[in-house]
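Open the structure in your viewer and keep the sequence panel beside it. This tour moves from the overall fold to single residues, one selection at a time.

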Amino acid sequence: MTFRSPIKYCRACGAAVAYRLPDDGDTRERAVCTVCGTIHYENPLNVVGTVPVLADGRVLLCKRNIEPRWGKWTLPAGFMELDETTAEGAARETEEEAGAHIAMGPLFSLLSVPRVGQVHLFYLATLLSEQFNPGHETLEARLFSEDEVPWDEIAFRTVNETLRCYFADRKRGSFELHCIDIE
């Protein structure tokens, strides 16, 4: 079951909504306005980020200065904004959280997390400098080789899975897109 706060009021007119099957043949209960009939759809949030790396294989991780998981390590990532592509959002989050200069690469991992209503998309990115200027959401931005990664201090399972895929692909010598369902 997905954690969510139910919609209580219509965004169009402000009246109360009722959860029911819409009259349009939909097969899922939706928040339907009791006055104007507007149907409110609830969709997953996109989390976008990068796997910023140097040619030697080291990965840039950020130590979180916000909840959830304050003080834990993560890849630079966050919620996608309206009017940006997934790649633009990933690059923006990398700049905001790490102050890192990157060249965007291909989509690397797509992780579906239905329990929290999210889809995480991580792009490979080449670091253009080892100089970082972390934003207010980050306590520290640092490079790690595989054996230096603080695996027990990784903030999110999606980040752990993405890092494990990255290091396995690097050892194999080729990178592929990883699509993972997180239960």
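Start with the whole chain, coloured by secondary structure. From the N terminus on, the elements run β-β-β-β-β-β-β-α-β-β-β-α-β. That comes to two helices and eleven strands. Bear in mind that this is a predicted model. The C-alpha trace spans about 60 × 35 × 30 Å along its principal axes. Of the 183 residues, 42% count as buried. Now think about contacts between residues with a separation of 6 or more: 59% of them join residues 24 or more positions apart.

**Stop 1: the open sheet**

Select β1, β2 and β3. These three strands form an open sheet, in the order β1-β2-β3, with antiparallel pairing. β1 (17-20) and β3 (39-40) stand at the edges with a single partner strand each, so one side of each has no neighbour in the sheet. Next, pick out strand β2, residues 30-33. Two bridges join β2 to β3, and the two run antiparallel. Show V32: its bridge partner in β3 is I39.

**Stop 2: strand β4**

Select β4, residues 45-53. Is this strand mostly covered or mostly uncovered? It is mostly covered, with seven of its nine residues buried. Look for G49, whose bridge partner in β7 is A77.

**Stop 3: strand β5**

Move on to β5, residues 59-64. β5 is also mostly covered: five of its six residues are buried. Which strands does it pair with? One is β10 (residues 138-144), joined to β5 by six bridges and running antiparallel to it. Find R64 and its bridge partner in β10, T138. Another is β6 (residues 73-74), also antiparallel, with two bridges to β5. In that pairing, C62 has T74 as its bridge partner.

**Stop 4**

In soluble globular proteins, nonpolar side chains tend to be buried together. To see this here, show side chains for V51, V59, L61 and L163. They have the most contacts inside the largest nonpolar core, which has 24 residues. β4, β5, β8 (102-113), β9 and α2 each supply at least two residues of this core. The largest share, five residues, comes from α2.

Now centre on V59. Leaving out residues up to four places away in sequence, V59 touches V51, P52, V53, L75, R142, L143, F144, L163, Y166 and F167. A second, separate core has ten residues, including L54, A98, A125 and L143.

**Stop 5: the second largest pocket**

Switch to a surface view. Rolling a probe the size of a water molecule over the atoms shows where empty space is left. The second largest pocket holds about 590 Å³ of space. Of the 25 residues that line this pocket, V47, P68, Q118, H120 and F156 are the closest to its centre. Select those five to locate it. How do the lining residues divide by type? Twelve are nonpolar, five polar and eight charged. Colour the lining by these types to finish the tour.

Terms used: Residues numbered from 1 in each chain as written. Predicted model: local features only at pLDDT ≥ 70, side-chain atom pairs only at ≥ 80, totals over all residues. Heavy atoms only, no water. 1 Å grid on protein atoms, 1.4 Å probe; cavity = no way out; pocket = protein on both sides within 12 Å on 5 of 7 lines; lining within 4 Å. Points joined across faces, edges and corners; volume = space filled by probe spheres on them. Nonpolar A, V, L, I, M, F, W, Y, C, P; charged D, E, K, R; others polar. Pairing = 2+ DSSP bridges. Helix = DSSP H or I, 4+ residues; strand = E, 2+ residues; numbered from the N terminus. Core = buried A, V, L, I, M, F, W, Y, C linked by side-chain atoms within 4.5 Å. Buried < 20%, exposed > 50% of the residue type's maximum accessible area, 1.4 Å probe, protein only. Contact = heavy atoms within 4.5 Å.
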